[in-house]
Amino acid sequence: MRAMVLHQQRQPLRLEDVPIPEPDDHQVQIRVTACGICRTDLHVVDADLTEPALPLIPGHQIVGIVSKTGRNVSGFEVGQRIGVPWLGGSCGHCDYCQSDRENLCDNARYTGYQINGGFAEYTVADASYCFPIPDGFSDQQAAPLLCAGLIGYRAYRRISDARHIGLYGFGSAAHILIQVARHAGQAVYAFTRPGDTEAKSFALSLGATWVGDASMTPPHLLDGAIIFAPAGELVPDALHTVRKGGRVVCAGIHMSDIPSFPYDLLWGERELCSIANLTRRDGEAFLPLAARIPVETTVHTYSLERANEALDDLRAGRFNGSAVLTL
């Protein structure tokens, strides 16, 4: 099969012919039809995340068709459309796994990081960590739901009762979550990079109440905010815009250092927290909700061999919405 392979961080992926992987007893083999490109893929390629299993096939927002099943697989069958997320496996017996918090397992493994992912014509995945894809989504539109959507939704649940919500960094996750928040009747305030007029227009087209640069103060104090951008300097800015009793959620897997800030920004029972990865319950809750709303993902498609171009476009912020490799 053809695959885009990372041999060394900070180096381009290489298009190679590699063996088609065979599933073990608990895995499904998947013929990949689409794979979303995530900022986490950039963190892997750019060495912000430092423990990849090299050589590595990246990609963790995978949509495809089951082509083989292991002997112990139940719940999926050959010919079924399936989705593979970032969390690819966990130990199953630690305190975290036993309390439905497998996202915090110390021995968790991740698709496109320690497990070969979806920048390829075929992949294998542990069936216990995969999800059926709801009808109504094309393969390309479904792919961003599997990380930008799922991890964004996990962050959103921490402020789901807020009336006024701030989203810092209006990329793939934010363009999905604004649709969830607007469906719930919440007002969304979008914060973008200075001068990014296209992102501002994009946010307004999706129903944002207000848009502005990340350093600006919105016209209404926020009840909660999510920081999707991997920029630690946004934390004091977000705390400044949140009212007493509000919560700021850091949703990225990687963030630059957070600068010091006066205690007054945190005082008043404001909360600062992070979310990590996703649980299977997040997928079971979010994907049917996305179908009911329905969420409409804005996608920019690239062929497999253009994966490096897609990563570079994401790094430079050359598109709104999500990038997806199509096979």
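Is Glu-309 buried, partly exposed or exposed? At 37% relative accessibility, Glu-309 counts as partly exposed, where buried means under 20% relative accessible area, exposed over 50% and partly exposed in between (1.4 Å probe, protein chains only). The legends below describe a predicted model, in which local features need pLDDT of at least 70, side-chain atom pairs count only at pLDDT 80 or more, and totals for chains, interfaces and linings use all residues. Residues are numbered from 1 along each chain as its sequence is written, and side-chain values use heavy atoms, with hydrogens and water left out.

**Figure 1. Helix H4 and helix H8 cross at roughly 100 degrees.** Helices (H or I, at least four residues) and strands (E, at least two) are DSSP runs, numbered from the N terminus. The axes of H4 (residues 148-157) and H8 (residues 280-292) come within 10 Å. H4 is therefore roughly perpendicular to H8. Axes are lines fitted to C-alpha atoms, for helices over the stretch in contact, and angles run from 0 to 180 degrees between N-to-C directions. Angles under 35 degrees count as roughly parallel, over 145 as roughly antiparallel, 65 to 115 as roughly perpendicular and the rest as oblique. On the H4 side, Gly-149, Leu-150, Tyr-153, Arg-154 and Arg-157 take part, and they meet Asp-282, Gly-283, Ala-285, Phe-286 and Leu-289 of H8; contact means heavy atoms within 4.5 Å. Five nonpolar, two polar and three charged residues make up this contact of H4 with H8. In this classification Ala, Val, Leu, Ile, Met, Phe, Trp, Tyr, Cys and Pro count as nonpolar, Asp, Glu, Lys and Arg as charged, and the others, Gly among them, as polar.

**Figure 2. Helix H4 is largely enclosed by the rest of the structure.** Eight of the 10 residues of H4 are buried. These are Ala-148, Gly-149, Leu-150, Ile-151, Gly-152, Tyr-153, Ala-155 and Tyr-156.

Figure 3. Rings of Phe, Tyr and Trp (its six-membered ring) pair if their centres lie within 6.5 Å; planes under 30 degrees apart count as stacked, over 60 as edge-to-face and the rest as tilted. By this rule there are seven aromatic pairs. The ring centres of Tyr-153 and Phe-286 lie 5.2 Å apart and the planes stand at 35 degrees, so this pair is tilted. Tyr-168 and Phe-191 form a stacked pair, with 4.0 Å from centre to centre and 5 degrees between the planes.

**Figure 4. Glu-305 and Arg-2 form a salt bridge.** A salt bridge is a side-chain nitrogen of Lys or Arg within 4 Å of a carboxyl oxygen of Asp or Glu. The structure holds 19 salt bridges. In the bridge of Glu-305 with Arg-2, the closest N and O atoms are 3.2 Å apart. Glu-305 lies in the loop between strand S16 (299-303) and helix H9 (307-316), and Arg-2 in strand S1 (residues 2-5), so the pair ties together parts that are 303 residues apart in sequence. Glu-305 is partly exposed at 42% relative accessibility, and Arg-2 is partly exposed at 30%.

**Figure 5. Two further salt bridges involve Arg-306 with Glu-309 and Asp-312 with Arg-315.** The side chains of Arg-306 and Glu-309 meet at 2.8 Å, N to O. Arg-306 is partly exposed, with a relative accessible area of 32%. Between Asp-312 and Arg-315, the closest N and O atoms are 3.4 Å apart. Asp-312 and Arg-315 are three residues apart in helix H9 and thus separated by about one helical turn. Salt bridges that share partners join Asp-46, Asp-312, Asp-313, Arg-315 and Arg-318 into one network.

**Figure 6. Thr-192 is a buried residue of strand S11.** Its relative accessibility is 4%. Leaving aside neighbours within four places in sequence, Thr-192 is in contact with Phe-170, Ala-199, Lys-200, Gly-212, Asp-213 and Ala-214.
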